[in-house]
Amino acid sequence: MPVSYLTADAVRAAERATGELLTNGTLMRRASHGVAQVVAALLTERTNGVVGRAVGIVVGAGDNGGDALYAGAELARRGAAVSATLLAPDKAHAGGLAAFRRAGGRVVDPLPSSLDVVVDGVVGIGGHGPLRPAAAMVFASVDPLTPIVAVDLPSGVDADTGQVNQPAVRADVTVTFGVRRHAHLLAAPQCGRVELVDIGLAEDPEGAPLVSTPPTGPRLYSLTDTEIADAWPVPGPHDDKYTQGVVGVIAGSHRYPGAGILCTGAAVTATSGMTRYVGSAHAEVVEHFPEVVAVPDFADAGRVQAWIVGPGAGTDDAALDLLGKILATELPVLVDADGLTVLSEHPDLVRGREAPTLLTPHAGEFARLTGEEVGADRLGAVAGLAQRWGVTVLLKGRITLVAEPDGTVFGNDAGSSWAATAGAGDVLSGIAGALLAAGLPPIWAGAAAARVHAQAAALASGGAPIGASNLLAALRPALRTLLV
């Protein structure tokens, strides 16, 4: 099943549902042991052991600091030299501090200049806003090469929106407990590698932590590679080009053929079905992809099972008329780029449309559609537009979010930003549109396309800048890796 991410309130509710495990400190002991295990593994990986290694802990008030102190005590018992700076000495977790001192941990100010790892135990899911000046000074003094392990969340990151306030901790590893928080996906670059520690939260039959009341607001998930591979349309013994899905592409022009070539090429590569192209770039498209059935006029398009419309297709009255005709059908439709600009002035064309509809804006196009900037709460913004317009919305970015009108959101962390290049969105539209034609629901088509798009970008890059044509060329190898 998809990986789920909870709000801070839902996490607290799941913890309360454990009863005595919470009140008698068992959850904290399990959490701190998990932190200590992760730190020990990191030390072993980097320095071949724990004994004699220097660990620094930055401790705030409350339970997050308690987790860090108990973890520090365990590391001290294992032979590490552990030092802790208390940002609020009068509010430090009493039990954790006592255990830390008994184990031989030292309370210091400032932290030693030479450390093998630093643990961020300042604030957890209850934190809001940037690091306070005292905490900011401590982290500013840490050697940039020293790895940072965050307890639950990097301090300065909002648990629910993923907003990264400035200053904030940027972690190499984040250790969290029981279930992932929204920010672990929404602020993935700030969290580093996320290690999930089982602390015994009660689960329902599907494996999700039990909460006393159903969560409100968007419900955030991410798909695994296995789930995407299982859903990807692979031809079976009785399939033909029609049963695999016929996608129609309206993109680019004779004067600007790039969008048409990239979008159509991605659709051809994504599935084993059939791709039709409509537009004045028909000759250029066929020159690059002779398997495409290409015509200049919509009246001659032939039957399709889904449409992609918009990339480089223009915003004039003819574009409006054509978009209106396509959206008036009962076919799945993906609208991107220029098509979104047209929709921003004529939203009634799509609001409440019953057939599957996928809009794929970047932040600027989102602002044109809504009249407002995306803002810090990207999850709330994309879910809100999907709910108001009754369509599926894919908000592009390093963290791509695909929202359904019912509040379900699939997120994908690209792992890099190499795909932030002109024309990459045309490739994404081609992939997602082909998946729509093959019968995938819009949210699955968008999320699966985003994952493969990101993997193709990483494969094409190899650590160097790329263009969209490089990304398209890497799409088939990326799919091969996923599907094998």
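Which residues is Ile399 in contact with, leaving aside its neighbours within four places in sequence? In this predicted model, the residues that meet this description are Leu185, Leu186, Ala188, Pro189, Arg378, Asn412 and Asp413. The place of Ile399 in the fold is strand β18. Its relative accessibility is 5%, and Ile399 therefore counts as buried, since the class of buried residues takes in values under 20%.

Ile399 also belongs to a group of residues that carries an annotation. The unreviewed UniProt entry gives a "binding site" that covers Lys396, Gly397, Arg398, Ile399, Thr400 and Gly425. These residues are spread over 30 residues of sequence, yet they cluster in space, with a largest C-alpha distance of 14.1 Å. Another member of the annotated group, Gly397, is found in the loop that runs between β17 (392-395) and β18 (399-403). With a relative accessibility of 38%, Gly397 counts as partly exposed, whereas Ile399 counts as buried.

Aromatic side chains were examined next. Three aromatic pairs are present in the structure. In one of them, the ring centres of Tyr221 and Phe410 are 6.3 Å apart and the ring planes stand at 85°, so the pair is edge-to-face. Tyr221 is part of strand β10 (residues 219-222) and Phe410 is part of strand β19 (residues 408-413); the pair therefore ties together parts that are 189 residues apart in sequence. Tyr221 has a relative accessibility of 24% and so counts as partly exposed, while Phe410, at 6%, counts as buried. Phe410 also pairs with Trp444: the centres of these two rings are 5.7 Å apart and their planes are at 80°, so this pair too is edge-to-face. Here the link runs from strand β19, which holds Phe410, to helix α17 (residues 442-461), which holds Trp444, and the two residues are 34 residues apart. Trp444 counts as partly exposed because its relative accessibility is 25%. Through these ring pairs, Tyr221, Phe410 and Trp444 are linked into a cluster.

The arrangement of strands was then considered. Seven strands form an open sheet with parallel pairing, in the order β4-β3-β2-β5-β6-β7-β9. At its edges are β4 (106-107) and β9 (193-197), each of which pairs on one side only.

The C-alpha trace spans about 80 × 45 × 45 Å along the principal axes. For 484 residues, a compact globule would have a radius of gyration near 23 Å; the value for the protein is 25 Å, which agrees. Of the 484 residues, 55% count as buried. Among contacts with a separation of 6 or more, 69% are made by residues 24 or more positions apart.

How values were computed. Residues are numbered from 1 along each chain as its sequence is written. This is a predicted model: local features need pLDDT of at least 70, side-chain atom pairs count only at pLDDT 80 or more; totals for chains, interfaces and linings use all residues. Side-chain values use heavy atoms; hydrogens and water are left out. UniProt positions are given in the numbering used here, feature names are shortened, and annotations may be inferred rather than shown by experiment. Helices (H or I, at least four residues) and strands (E, at least two) are DSSP runs, numbered from the N terminus. Buried means under 20% relative accessible area, exposed over 50%, partly exposed in between (1.4 Å probe, protein chains only). Contact means heavy atoms within 4.5 Å. Rings of Phe, Tyr and Trp (its six-membered ring) pair if their centres lie within 6.5 Å; planes under 30 degrees apart count as stacked, over 60 as edge-to-face and the rest as tilted. Two strands pair if DSSP finds at least two bridges between them. The radius of gyration is taken over C-alpha atoms; the globule rule is 2.2 Å times the number of residues to the power 0.38.
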